[in-house]
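Dear colleague,

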Amino acid sequence: MVDKWVLGLFNRATYSRMKAFLDYCKDRKDIDLTIILGSTMLDEEYGEAGKELMQEYKDYEYICLPYKSYKSEKNRVNLISADILKHTGEYLLQIGPKVAIAVADRFETLPFVTAAAYLNI
């Protein structure tokens, strides 16, 4: 039986921390991993690490959340978090994973985890 897992990656540091896990899952036939990319993983200013990830790990399914930087907004963190929460919730409902994995190192992780928790994942 193959289990659907989802991993949220929102910045280059988290990507670096999860490389060993990505390598581990690549060889597992019982895990179907989907990676949700958002925030600075998709930002040109930060090197578009999401593109690098997708080239290195071609076997995974990717969901790229809509990203707006909100650089000039005073409540930038709130707006980015709201976008991540909304879109992550929608995608989690569509793909129905059994497991959601997050590395909590920055503010973007909290809305990802909140969406998964509300959906009992």
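The notes below take the helices in turn, then the salt bridges, the surface and the backbone.

This is a predicted model, in which local features need pLDDT of at least 70 and side-chain atom pairs count only at pLDDT 80 or more, whereas totals for chains, interfaces and linings use all residues. Residues are numbered from 1 along each chain as its sequence is written, and side-chain values use heavy atoms, with hydrogens and water left out.

Helices and strands are DSSP runs numbered from the N terminus (helices H or I, at least four residues; strands E, at least two). For burial, I call a residue buried under 20% relative accessible area, exposed over 50% and partly exposed in between, with a 1.4 Å probe and protein chains only.

Helix 2, residues 49–56, has Ala 49, Gly 50 and Leu 53 buried. These residues lie on the same side of helix 2, because they cover an arc of only 100 degrees around the axis, the arc being that of the directions from the helix axis to the C-beta atoms. Taking contact as heavy atoms within 4.5 Å, the buried residues of helix 2 pack against strand 1 (3–9), helix 1 (12–26), strand 2 (31–37) and strand 3 (61–64).

Helix 3 covers residues 76–95. The expected span of a helix is 1.5 Å times one less than its number of residues; for the 20 residues of helix 3 that gives 28 Å, and the end C-alpha atoms are 28 Å apart, which agrees. Its buried residues are Ile 80, Ser 81, Ile 84, His 87, Thr 88, Gly 89 and Leu 92, and the buried residues of helix 3 pack against strand 1, strand 2 and helix 4 (109–118).

Arg 76 also belongs to helix 3, and is partly exposed, with a relative accessible area of 23%. Leaving aside neighbours within four places in sequence, Arg 76 is in contact with Tyr 67, Ser 69, Tyr 70 and Lys 71. Arg 76 and Asp 32, by comparison, are 44 residues apart in sequence and 33 Å apart in space, C-alpha to C-alpha.

On to the charged pairs. Side chains of opposite charge can pair when their charged atoms come close. With a salt bridge defined as a side-chain nitrogen of Lys or Arg within 4 Å of a carboxyl oxygen of Asp or Glu, the count comes to 13 salt bridges. One of them joins the side chains of Glu 56 and Lys 19, at 2.8 Å from N to O. This pair links distant parts of the chain, since Glu 56 is in helix 2 and Lys 19 in helix 1, 37 residues apart. Glu 56 is partly exposed at 39% relative accessibility, and Lys 19 is likewise partly exposed, at 26%.

Within helix 3, Glu 90 and Lys 86 lie four residues apart, about one turn of the helix, and form a salt bridge whose closest N and O atoms are 3.0 Å apart. Glu 90 counts as partly exposed at 35% relative accessibility, and Lys 86 is partly exposed with a relative accessible area of 47%. Lys 51 forms a salt bridge with Glu 48, where the closest N and O atoms are 3.5 Å apart, while Lys 4, Asp 32 and Glu 61 are linked in a network of salt bridges.

At the surface, Leu 93, Tyr 118 and Leu 119 form a nonpolar patch with about 370 Å² of accessible area together. Patches are made of residues with over 30% relative accessible area and no salt bridge, like charges being joined within 9 Å and nonpolar side chains (Val, Leu, Ile, Met, Phe, Trp, Tyr) within 5 Å; accessible areas come from the Shrake-Rupley method with a 1.4 Å probe, and for residues only the protein chains shown count as cover. Leu 93 lies in helix 3 and counts as exposed, at 63% relative accessibility.

Finally, the backbone. Most residues other than glycine have a negative phi, and most peptide bonds are trans. Tyr 70, although not a glycine, has a positive phi of about 55 degrees; Tyr 70 is found in the loop between strand 3 and helix 3 and is buried, with a relative accessible area of 14%. Asn 120, in the segment after helix 4, has a positive phi near 60 degrees and counts as exposed at 72% relative accessibility.
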